[in-house]
Structures are given as structure tokens and as C-alpha cells.
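Hi,

Here is the structure I promised to pass on. Have a look at it first, and then read my notes below.

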Amino acid sequence: MPPNRMAELRSEIDEINLQLLELLNKRATIASEIGKIQAQHGSQIYDPQRESQMLTILQMANEGPFSNETISALFKEVFKATLNLEEKEARANFLVQRKSADQKTVVELPDGTHIGNSQFTVIAGPCAIESYEQYDEVAAALVEEGVKVMRAMAYKPRTSPYDFQGLGEPGLKIARQVANKYGLMLVSEVLDQSQLAMMDDYVDMFWVGARNMQNAFLLRAIGKMNKPVVLKRHFGATLKEFLYAAEYIMSEGNDQIILMERGIRTFSQWTRNTLDIGAVPLLKQESHLPIVVDVSHSAGRRDLAIPFAKVAKASGADGMMVEVHPNPSVAMSDAKQQLSIPQFKELMKELRKLNTDLEPEPAGD
């Protein structure tokens, strides 16, 4: 082939490439407009039926030399790239999405406690409220260590319906009485939107557990409440799904949300879950919401609580949650992961060694 002919053909290819580029960008712009209309109507961006129809039309119009399989593969990549572009644009408009490096939400509790203001906040307490005496003993120990937010779990969703399910409202009454005695803030798990009005009288923060992370009805209902909420990641949820759950709450008007990383399920047989500590800096990049780490459920072992707490602090988390019981061996739930009071004091001592922003250790008499 003469050199000038080769140059002519290559020039034609270059021109076609530019035309394809222009058409692809034009297609993406139109698809973006469709995505905005879908968002206004509350429909999903991805439409598998529409994608199938487009592929069928392309295959019927194809006259070669590319096979239908090749045409389908090429256009599926175009569809995928367009969908990714639309999702990126949609995320940019999410309320939970970080818009600038200095944007951050600070959650304020009624006593003036702040979570997300560059201090490391410890949330602690027993797995479940079992009695006044048990709860009072733990509360006294927490106050001695400067903890201001206490678990008040009166309802316990359990794998077996025959396991201890919590004391219910009588447990919340115990928790409120003890919290008032020591000046503590209470956070408690709500299982159903029907409980919100009753629990609102007892607790300072709501808690959405892992099982309910994708319960859209509950998330929307809490979004209408004027009270902070801890949202716990499900062990099988991606970070994207986790942030979508937070978006449900914030879209209803409640921006006082604390994300909780509790570990994910893996092949490990030595721990209850695997602490996904990389989620903390990733979520910090993606969202302006504060993040705390659950060092109890992520390990399921009390002997790992201190190293996990140190890792949580070093990761840039805004705080941690740990379970504490006067006598873990007789606890009515999660006995293996709860710390005794001396073990909790040791954990706090180790954290202070790292430390710059924990509450100072209370002075002696």
C-alpha cells in the first residue's frame, strides 16, 4: 500500500475517533438530563429493561464486521460508564456528601457534649440493662473515667427468639433514673418506628442497629425526629449502602447523625467480625458526618478491646463504643466481649497514653 494511502486511511480513522468522542459526550449529556428527571420522580437511575431494549435494537441494526457479541460488549461498557457518571453526579448532590475539606458535622447533646469536634468521645455501658444495681455500678465507673454518653439498651434484637430480649420500657426507666443521678447522656436502640414517641421521653440519642440499617421506614421516621442518632453499619453492607442509609435520615431534615463502624463478616473464625478500620478514613473523605468505632462487636472478644481502641483512635475516628459490665461472666447477652470495670479502666488508661484530646482523668480527693 502506497504511503500516502496509509496516511489517508489513518486520517479517516482519526476523524472517526473524534466524531465518536463527540457523540459519546453528547450521549452522556443527554443521559444526565434523563437522570435528573428520574431523580425528580424518585425512580432509579439504572433501568435494566431499557438497557436490554437498546442492545436488541443495536444487534438488529448491526451489519458487521463486528459480531453482535462484540457490539453488545462495547455498548455495555458505554452504558456502565454513563451510569457511573450519573451516580457520581447524584452523589455530589447528596446531603451526607462532603463538599469541601473543612466541612464537618458536629453533633451536640443536651448537656453540651460534642461529637465530631476533633475530640475522641467514648460511648460505653453494658450490652443490655439487666437491673438497677448492675446499671448503677457501671454508670458510677463511667463517670469516674470522664465518660458522658452511656448505652441504654432496653430492647435486644437477638438471633434466637428464646434469648434475652431486654427489659423494655422498665429498663429505660432504670436507665433514665441512673443517668439523671450521674449526669449522663443516654443512647438506646430503637427497633421500630412505633417505639419512637415512647423512647423520646427517656433517651438523648436514638440508635439504629445493624439489623435496621436499611429499614427505610424507620430511617425516614427518625429523620423527622429532632434528636441525634447513631447509625450502625450492617456487617454485610458496603460503604455506599451505609451512606445511602444516612441519606434517608438526613433527607427528612435530621442532620445530627453519627456513623458507627462495627466490622464486617469475613472468613475469620477467631473474631466475631473483622474490623474494617480502612472504612474510617474512607468515610471521612466521602462524608462530613462524625464516625465512631465499635470495638466490642467488631472483635467479639474482650482481650482485643484495647488494641482495637488504639487503632480506632489512630485511624482518625471521632470516638469509640465499648461494652462494660460489673461481672461479664454472668451477663445476659454478649458475655465474651464485655469488659469488667477494672478492664475498662485499663483501656481508658491506655488511651490516655496516646492522647491529647480525651477528657482529663479526674483528680483524686
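Helices (H or I, at least four residues) and strands (E, at least two) are DSSP runs, numbered from the N terminus. Keep in mind that this is a predicted model, where local features need pLDDT of at least 70 and side-chain atom pairs count only at pLDDT 80 or more, while totals for chains, interfaces and linings use all residues. Residues are numbered from 1 along each chain as its sequence is written, and side-chain values use heavy atoms, with hydrogens and water left out.

Let's start with α10, residues 305-314. Just after this helix, Gly-316 has a positive phi of about 100°. The buried residues of α10 (under 20% relative accessible area, with a 1.4 Å probe and protein chains only) are Ala-305, Phe-308, Ala-309, Ala-312 and Lys-313. They sit on the same side of α10 because they cover an arc of only 140° around the axis, going by the directions from the helix axis to the C-beta atoms. Their packing partners are β9 (291-294), β10 (319-323) and α11 (341-354), with contact meaning heavy atoms within 4.5 Å.

Now for strand β7, residues 229-232. Val-229 and Leu-231 point one way, Val-230 and Lys-232 point the other way, and all are buried. β7 pairs with β6 (residues 205-208) in the parallel sense over three bridges; pairing takes at least two DSSP bridges between two strands. Here Trp-207 has Val-230 as its bridge partner. Strand β8 (residues 257-261) also runs parallel to β7, joined by four bridges, and Val-229 stands opposite Ile-257.

Cheers

Definitions and conventions
Buried means under 20% relative accessible area, exposed over 50%, partly exposed in between (1.4 Å probe, protein chains only).
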